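Let's take a friendly walk through this model. Have a look at the sequence and the structure first, and then we can go through the parts together.

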Amino acid sequence: MSEGSRGKLLFVTPAMPATGGNGLAMRAGNLLEALSGKWDVHLLVLAVGGIENLTLEAALEPSAARWRELPYGEMLDPAFLAAANTPAGPA
């Protein structure tokens, strides 16, 4: 990489980065801001640790060159979902 050029970085996170709210989202927001100081950050959100269908806050938009949320729930195997939702046996 030549001096002055910025590399690209893919940041995959389980929650939409945020400046407030829950700790996971806030940590992702802080990391996004920090990484954007050196890299062109491409953000990929797999909302397994947060709420789906959120948008990136206006305050964090300058930190991401691009961002996208993938519908994680739609990618899970139906057999896994059935097993994950099966109640445990008698306690």
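In which loop does Ser63 lie? Ser63 sits in the loop between strand 2 and strand 3 (66–70). Strands here are DSSP runs of E with at least two residues, helices are runs of H or I with at least four residues, and both are numbered from the N terminus.

Before going on, please keep in mind that this is a predicted model, in which local features need pLDDT of at least 70, side-chain atom pairs count only at pLDDT 80 or more, and totals for chains, interfaces and linings use all residues. Residues are numbered from 1 along each chain as its sequence is written, and side-chain values use heavy atoms, with hydrogens and water left out.

**Two serines in loops**

Ser36 is found in the loop between helix 1 and strand 2. The table puts Ser36 and Ser63 side by side; contact means heavy atoms within 4.5 Å, and buried means under 20% relative accessible area, exposed over 50%, and partly exposed in between (1.4 Å probe, protein chains only). Neighbours within four places in sequence are left aside.

Three strands form an open, parallel sheet in the order 1-2-3; two strands pair if DSSP finds at least two bridges between them. Strand 1 (7–13) and strand 3 are the edge strands, each pairing on one side only. Neighbouring strands are turned by 15 degrees against each other on average, direction ignored. Between strand 2 and strand 3 there are five bridges, and Leu43 stands opposite Trp67 in strand 3.

Helix 1 lies across strand 1 and strand 2, running at about 175 degrees to strand 1. Such angles run from 0 to 180 degrees between N-to-C directions, with axes fitted to C-alpha atoms, for helices over the stretch in contact.

**The core**

The largest nonpolar core has 11 residues, among them Met16, Leu32, Val41 and Leu43; a nonpolar core is a set of buried Ala, Val, Leu, Ile, Met, Phe, Trp, Tyr and Cys residues joined through side-chain atoms within 4.5 Å. Helix 1 (23–35) and strand 2 (39–46) each give two or more residues to this core, and strand 2 gives the most, with three. Not counting residues up to four places away in sequence, Met16 touches Ala25, Val45, Leu54, Thr55, Leu56 and Trp67.
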